[in-house]
Amino acid sequence: MHSRSKTLSLLQLDHLHIQLGKQAIVRGVSMQLNAGDIGCLLGPSGCGKTTLLRAIAGFQSVTAGAIALAGQQVSSPTATQAPEQRGIGMVFQDFALFPHLTVAENISFGMRHASHQEKQLRVDELLNRIGLPGYQKRYPHELSGGQQQRVALARALAPRPRLLLLDEPFSSLDAELRERLAIEVRELLKKEQITALLVTHDQQEAFAMADQAGVMYQGELLQWDTPYQLYHQPRHQMVADFIGHGVLLQGTVNASGRMASPLGMLEHPSLSAVADGTPVNFLVRPDDLVPDPQSRLRGTIKARGFRGAHNLYTVELTSGVEVLTLSPSHEQLRVGDELGLRPDFDHLVVFAADHCELPGFSNQAPAFPDGLPEAQSA
Amino acid sequence: MHSRSKTLSLLQLDHLHIQLGKQAIVRGVSMQLNAGDIGCLLGPSGCGKTTLLRAIAGFQSVTAGAIALAGQQVSSPTATQAPEQRGIGMVFQDFALFPHLTVAENISFGMRHASHQEKQLRVDELLNRIGLPGYQKRYPHELSGGQQQRVALARALAPRPRLLLLDEPFSSLDAELRERLAIEVRELLKKEQITALLVTHDQQEAFAMADQAGVMYQGELLQWDTPYQLYHQPRHQMVADFIGHGVLLQGTVNASGRMASPLGMLEHPSLSAVADGTPVNFLVRPDDLVPDPQSRLRGTIKARGFRGAHNLYTVELTSGVEVLTLSPSHEQLRVGDELGLRPDFDHLVVFAADHCELPGFSNQAPAFPDGLPEAQSA
Amino acid sequence: ATINVYSARKEALIKPVLEQFSEKTGIDVRLLTGNGDALLARLQHEGENSPADLFLTVDAGNLHRAAEAGIFQPITSTDVLNKVPAHLHGVDNLWVGLSLRARPIFYAKGKVDPSELNGYEDLASEKWANNVCIRSSDNIYNQSLTAALISHWGEEKTEQWAKGLVGNLAKPPVGGDRDQIKAVAAGVCDIAVANTYYLGLMEASDDAAEREAASKVSIFWPNQDSFGTHVNVSGIGLTQHAKHKDAAQQLIAYLLSEEAQLWYAATNNEYPAVTDVEWSERLQNWGEFQMDDIDMRVLGENNAAAVKLMNRAGWR
Amino acid sequence: MVIVWSLLELLFGGDFSTLSHLWQTVIPEYVRHSLLLMAGVTVGVIVLGVSTAWLTTSCRFPGQRFLSWALLLPLAMPAYITAYTYTGMLDYGGPVQQSLREWFGWSYGDYWFPQIRSLGGAIAVLSLVLFPYVYLITRATFIQQSATTLEAGRSLGLTPWQCFLRIALPLARPAIVTGTTLALMETLADYGTVQYFGVTTFTTGIFRTWYGLGDLYGALQLAGLLLLAVITLILIERWSRRQARYDQRNPRPATPFELRGGKAWLASVVCWLPLIFGFILPAMQLASWSIERWQVWTDPTFWNLTWNSFSLAMVAALLVVLVALWLAYGRRQLPNRWIRTSVAFAGLGYAIPGLVIAVGLLVLLTAADHVIIDISKAWFDWNPGLLLSGTLFALLFAYAVRFLSVALQTLQAGLAEIRPSMDEAARIHGYKPLQVLRMIHLPLLRPSVLTALILVGVDVLKELPATLVLRPFDFNTLAVRAYEMAGDERLADAGPPALMMVMVGLIPVILLSRAMLKSQQNALKEQDFVPVTA
Ligand SMILES: Nc1ncnc2c1ncn2[C@@H]1O[C@H](COP(=O)(O)OP(=O)(O)OP(=O)(O)O)[C@@H](O)[C@H]1O
Ligand SMILES: Nc1ncnc2c1ncn2[C@@H]1O[C@H](COP(=O)(O)OP(=O)(O)OP(=O)(O)O)[C@@H](O)[C@H]1O
Ligand SMILES: [Fe+3]
Ligand SMILES: [Mg+2]
Ligand SMILES: [Mg+2]
């Protein structure tokens, strides 16, 4: 079993710690990525994603723990293999295009042993893929922000590295292009058998691309799992909160393995293991509550957010608790309207109430009564 | 009427043309933004959004047309008012933080006539708002990408400009923070009566923030309208295609003002004006087709995209036409499954079939059979 | 053979004679000119591997320092030694003088009656308050002059003198000797101290303005009743590790030949070190005078004391 | 490094009696003069250098292209030569005062005329000759500055002028400091000019101790003190910058302002004045002297000198810039303490008078030579002679020690403008540090490398004291010739070599600055101009 995981895993992080100055930026991160897989890192701004990628690339020394590439240790507190020897590609968050080279020269930069013709072919192919055919001769400062970002992506793809690190590679692109590129890049990576680790702020992107995904928070990797599990079975309150919309409500488990909650009595197999009278927090996603005029659970609309196909409503229940629900945007409900809601839980995600206090929530965003994480302060 | 629009409109663009080198980058853009309103510009990467903002700020001279601020012409081919005299603030796409100044110094940079104490108060307030309290003394290179972007935002807000231009101000932020900040910034702009023009790639953001929004394509502003109208009543095939998901299907209008289509006979008031036998294109959004086991309209699932609360399915109808539909992600439909769909149109958006040919669509993205726009090439 | 010379004299003032010597004897001479103290340091550090056979430098102080540093060996050629008066020999004949340069007082023709002047003492007397020009004490010429005065007057009196001199200055002690002469001509001051050969250079200049300035000043030979006018020396020594001793001494002898001595006097208006060589016309025009025949070694020994004294006196 | 150590060793070897004497008598004045001189030169070079650099990079006005390279020319003038020419013109015996006296029938003392041989005069002359250091290095950074950063300033309500003061200037700070430091180091090490002007400075003290008191140790002790002062200055500056950085994202070149009318005229004047006073006037004086001495132009030995000077300058410049590149880059790649200190020390050579360096080097090289000779004698029974100290090697070594800091600082200022993510992006693509240097940094650093080459080349051309001490037999340069003539107060004879030195210096200056101009224009090729209406 051990040897098998070794042969398969291309990237392995082992209790990695990284300090910048006096601050611990990455704290005890362990994960593993199998060859050919695509991994996605999510996490709030400033949580240490870029720092982690830089350590994997070899630009950042580690304070404790180890990084192994294809079973070979490349970073440890005592020894760091040079970045150029790791066979890693990287798309930098700030693009880092070479201003004195043309687009074609930038893209073919890493193809050191290729012939002129090979380079040209690859450049043309990649420029087509990223939707910039004919841009070979431009200089980076003659491109728009999104075009620069796409060139940076092509540059990293060109030499077919064994591991590709992508730091928010689509952040400057419009939704359409981003979606198309995400799919194309995924295809390309699979075709060329490149393993990739992607940092993104877009959950859709993570869901669409990733074989494995994880959420980082304040330097820790809270969960590393499949995207589906991450959304529906978060193992950490913070993960539940960060992925998708939702609110956490309080409930109390009673003797029969049911839970008394502001939504009424709820049942769930996992509750049977919990002792009688335990206070718990449970996650309510917008799609867990279906508008239903007949329902006895009633509330008033406090806020409405237009999101294209749907509106996202913040509803104050008669008990005073605020929840979220979705409704097609054609149905014109207004702020102040009353409506009924029917709980329709597929998974009930429950946390011990004292487990993982959510630190310093802001309460300024009315649409999200449970608040949002503040960036960890200095 | 004329004088009224003059007093209200803070920003007015009049058939604006901009050339960079020999290329026409902005072509005949006209729009107007009322004082206190928030406008949003959407559009594919490289379509000229940044260029337009730069012209409004006064960094870019115009080739034809005019820009007026509060009724006063500031840019024309013959005269350009200096940027610093326009009272405009700007968040740059690449942040452009001053690397030699601390965060606090960066933010208070534009508050030239404020006392030391006022500056400090404003800096503290804004740092709180952007979730970076205590970061006053850091230098930009000691911040993460998203933190830098937030500081750039705070810097532009600090001096309370009369017009604020924001070039993708949230692109490096995670979804949660972005949503919270979008709302906070909107509140702040409204409170301080700052007019703003925002470039964004995130339709949700545009929908959430904007009083007015528009889609640019290849240098032209195709439509300038309310977000709701933009989504549900696109006046241009390109707009329909760019905003939200959807496919365009072909139909033929018959004498009775109804339309024969792959989805069956459809009715709509707007069809009565169309001559008998006219071939038309019409827009089908994922939420226009509701999964319905009873429906006679049947298809097979070709692809599934996990998007958190919902899955997005690509369905091939028995007629061979591909459409999109949404279904809660709990309902585990698989690729290959058959299902029924019921058309449920609220608005039927119809284009003459020969109007606005969509140029060079790629057909590599299976989820979007009608293809995606390529960036205009050089 | 080839002999190597380190010279603190500028190339233009030595190379032509060396070329003549080579022509006459067939001995090649390689020349390296430079700053005296630096060349001395170079010689010292090169030690026994030094290529230099001869070291030529200007001023008794420098010669003394070189001798002290032990880089010379005694000159043995009687041919050489006999030609030069004994007070122009170094200790143990470690060096010999080649030429002499006098440092008298210059006065404005017509404005100053030479009978009002007596000696170097005048420079410090109240009579010439605000009326004296002299260059900085950085300069070795002034250091040697002061060193000579110390041996004649003792340190205390010399310091008084230096202070008086500083009080009498018409302008800050800036510029070269030529500038002091020009200052007299321009009316900045009435008396100045400079080496005579600068006047010679000005008189022979092809710049009319310089010639005119030169015509406005005269030389006064100070202290003719006592120790005589201060003169300094340029000299040469055979290096400790000379590889071509004989040829080198041949060159010294040539430099003391009438031909070479005349060339010096003519080219740079210096006084020949060899007693019986006739003076050039210009030197004769300036008149005969009594030279201070103080032992040149003393100048060298007193040099440091002189500098410190001048420092104390505030002579910049 | 080695030199510094050998100096430090000497420093604590001697006794301090001389030092205490000097302390009681002259040092306070020397220190005061040195400080005043430095303060004056600081103001002078910054005002002249920065204003011209900014105008020629960010504005377009008539003559701007010519001026942008011509402003380097004053550098080709050795400071003491400029001092001579101005003295020749402005002293009481010179043509200006003479004509005044003749026209108005005045005699000396009847009228006021600024004393050129004074502290003020020294400040003026040194500023005029040394400002191109600031000009060149600052200009190289202005060219690299990103337009967006400046636009950010304007979007926050700053006028172009305020943008210059509050953004461009602080961002160019490493460059300005570098240029000024170089000018100050040269000022501190200068002996010729101050001596000629009768301004006693700390360096005067060093030489007075050595020559006058015959106390080499005392002199070295003083040099050591000087060094300490310089180190302190540098440390203070470094500390004040702390973690601030100067690299900018997206170096998009700025669009220059078209100046018209009065503003264009004013800009021209601001740029022409230092050129006229720093170069044209002195060069005209040299030219007039050279015409008097027309014979030398046909003298083959004179052309021999010219060739010596030129080839030496070229070789030394290449060598020094290569070494500096290696060090500066090493520091960027491996910023550990050892490299930091050695780079810092390597940079100090410039503040020490050339003669002191030469002597220090002499000690070192002769010692090495003795060892080589002993070994060679023992093994091969052959005496190779002074291989190191007696050949051009010594000279090149001395130039390297002395001018390393010029090249090093120029390059470091340039490197500071390149974002570290550039390095990383290149290395992630499999390039080793040296390849990254060649493919990324050198092209981006082009303005800085060219600047370093010009500065070192011209400096070597002018270099005097070390050349005097360390050159081999019968090897002369233009600088030595000019100095010997001038030292004997034969100014007219000093004319031709000095003029030739300037002309030889001009060739690389023109060639290289044209190359610089080209790289700037490349960057601008697609830009159109924003007309300024105010
Ligand atoms: N200097 C230039 N010369 C020629 N074309 C240029 C130049 N600068 C930009 N362009 C082109 O102008 C077009 C518009 O650029 P702009 O930066 O305005 O796009 P954008 O809409 O902001 O795109 P993005 O969303 O990617 O930032 C792009 O296609 C770009 O390639
Ligand atoms: N030089 C530094 N000194 C101290 N702290 C630093 C330094 N550089 C970065 N940090 C801090 O380290 C944390 C992690 O930074 P990192 O760039 O890894 O974040 P990130 O997860 O990539 O965020 P983003 O999504 O905003 O890019 C941030 O809080 C940042 O402020
Ligand atoms: Fe002399
Ligand atoms: Mg990051
Ligand atoms: Mg843009």
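Which residues are the protein donors of the magnesium ion, ligand 4? Before I answer, please keep in mind that this is a predicted model, in which local features need pLDDT of at least 70 and side-chain atom pairs count only at pLDDT 80 or more, while totals for chains, interfaces and linings use all residues. Residues are numbered from 1 along each chain as its sequence is written, chains are lettered from A and ligands numbered from 1 in the order in which they are written, and side-chain values use heavy atoms, with hydrogens and water left out.

The protein donors are Thr50(A), through OG1, and Gln93(A), through OE1, and they lie 1.8 to 2.3 Å from the ion; donors here are N, O and S atoms within 2.8 Å of the metal, or 3.2 Å for Na, K and Ca, and because water is not among the atoms, sites may look incomplete. Thr50(A) belongs to helix 2 (residues 49-57) of chain A, whereas Gln93(A) sits in the loop between strand 6 (88-91) and helix 3 (103-107) of chain A, so the pair ties together parts that are 43 residues apart in sequence. Helices (H or I, at least four residues) and strands (E, at least two) are DSSP runs, numbered from the N terminus.

Thr50(A) is partly exposed, at a relative accessible area of 23%, and Gln93(A) counts as buried, at 16%. Buried means under 20% relative accessible area, exposed over 50%, and partly exposed in between, with a 1.4 Å probe and protein chains only.

Turning to the whole chain, chain A has 9 helices and 20 strands, and 58% of its 378 residues count as buried.
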